[in-house]
Amino acid sequence: MTVTTDQAAERLGVTQRQVQRLIASGELAAQRTAGDAWLVDALALNALSRGRPARGRPWSVETAWAALWRLSGLEADWLGTRTAARLRDRLAHLDTETLVHACRHRATTHRYRASESFLESLRARIALTGASATTVADFEMPPDLTRVDGYCTPDTLTGLITRFRLAPDDRGNVTLRVVEGPAAAVLDGPAMPIAVVAIDLAESYEPRERSAGVRVLERLLR
């Protein structure tokens, strides 16, 4: 998938001229159209936007999940009392961009291609998130049934790859986010809590999805 230089500039928070410089330097993959315009590779844009400097260091996996649990109105009982108190103070002063950066190490993301005939069964075996878990009530958009996006553990991933014949593909229709260690205990439902769905949308390269995720995160942080 590709986006325009205008969309890329909005995502990166820079001017179109700066986007053109990134393309010229090879930092951002793009292709020229017959009309002499540039179309930016959406996955390359997503990777570059994640790697741009932000305030502070990313949180530990446990703290990131505790923050998302708390924003969803849930208890994060794996944190100590003192750490939980510090986290409450942090969340009271965070903006959305800083939150997304702080939680960036919450999981390892893998992308695959699967037969469309497997998608429904695959959805039932993971904790759905992102565009696979949206609702009109919360995000003003229904779930995307043409793709699957969800969380699993390393052991579960191995079985899913075999069972559903998942082939690695950066532009595939399946996104699996792997959570390891104690934080894997959060995978206890058919869909992830609202703050998790929102933060995964906020990192999407689709403008509509990203806007929906940011909007919900801003509401949860207030």
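Me: Contact here means heavy atoms within 4.5 Å of each other. Leaving aside its neighbours within four places in sequence, which residues is valine 136 in contact with?

Reply: In this predicted model, valine 136 meets that criterion with Met141 and Pro142, once neighbours within four places in sequence are set aside. Valine 136 belongs to helix H8. From glycine 35 it is separated by 101 residues in sequence and by 38 Å in space, C-alpha to C-alpha.

Me: What makes valine 136 exposed?

Reply: The term applies over 50% relative accessible area. Valine 136 has a relative accessible area of 54%, and is therefore exposed.

Me: Why is glutamate 140 called exposed?

Reply: Its relative accessible area is 56%, and the cut-off is over 50%, so the term applies. Glutamate 140 is located in the loop between helix H8 (136-139) and S6. Its phi is near 60 degrees, a positive value in a residue other than glycine.

Me: What makes arginine 165 exposed?

Reply: A relative accessible area of 66% places arginine 165 in the exposed class, for which a value over 50% is required. Arginine 165 sits in the loop between helix H9 (154-163) and strand S7 (167-168). Phi is positive here in a residue other than glycine, near 50 degrees.

Me: Why does arginine 177 count as buried?

Reply: Buried requires under 20% relative accessible area. Arginine 177 has 6% relative accessibility and therefore counts as buried. This residue is part of strand S8 (residues 174-178).

Me: How do you know that the side chain of arginine 177 makes a polar contact with that of aspartate 149?

Reply: The distance for this pair of side chains is 2.8 Å. A polar contact requires N or O atoms within 3.5 Å, with one able to donate a hydrogen and the other to accept it. The pair is therefore counted as a polar contact.

Me: Why are cysteine 103 and cysteine 152 called buried?

Reply: Cysteine 103 has a relative accessible area of 0%, and cysteine 152 has 2% relative accessibility. The cut-off is under 20%, so both are buried.

Me: What makes helix H4 (residues 61-71) largely enclosed by the rest of the structure?

Reply: Of the 11 residues of H4, 8 are buried, so the helix is largely enclosed. These are Thr63, Ala64, Trp65, Ala66, Ala67, Leu68, Trp69 and Leu71. They pack against helix H5 (81-91), helix H6 (96-102), strand S6 (148-152), helix H10 (194-202) and helix H11 (207-221). Just after H4 comes glycine 73, with a positive phi of about 80 degrees.

Me: How do you know that H1 and H2 are roughly perpendicular to each other?

Reply: Their axes cross at roughly 100 degrees and come within 8 Å. Angles of 65 to 115 degrees count as roughly perpendicular, and H1 and H2 are therefore described in that way. Thr5, Asp6, Ala8, Ala9 and Leu12 in H1 meet Gln16, Val19, Leu22 and Ile23 in H2.

Me: Which residues of helix H2 (residues 16-24) are buried, and which are exposed?

Reply: Val19, Leu22 and Ile23 are the buried residues of H2. They cover an arc of only 100 degrees around the axis, so they lie on the same side of H2. Arg17, Arg21 and Ala24 are exposed on the other side of H2. Glycine 26 follows H2 and has a positive phi, near 85 degrees.

Me: Which residues in H1 are buried?

Reply: The buried residues in H1 are Thr5, Ala8, Ala9, Arg11 and Leu12. Their arc around the axis is only 160 degrees, which puts them on the same side of H1. After H1 comes glycine 13, whose phi is positive, near 75 degrees.

Notes: Residues are numbered from 1 along each chain as its sequence is written. This is a predicted model: local features need pLDDT of at least 70, side-chain atom pairs count only at pLDDT 80 or more; totals for chains, interfaces and linings use all residues. Side-chain values use heavy atoms; hydrogens and water are left out. Buried means under 20% relative accessible area, exposed over 50%, partly exposed in between (1.4 Å probe, protein chains only). Helices (H or I, at least four residues) and strands (E, at least two) are DSSP runs, numbered from the N terminus. The arc is that of the directions from the helix axis to the C-beta atoms. Axes are lines fitted to C-alpha atoms, for helices over the stretch in contact, and angles run from 0 to 180 degrees between N-to-C directions. Angles under 35 degrees count as roughly parallel, over 145 as roughly antiparallel, 65 to 115 as roughly perpendicular and the rest as oblique.
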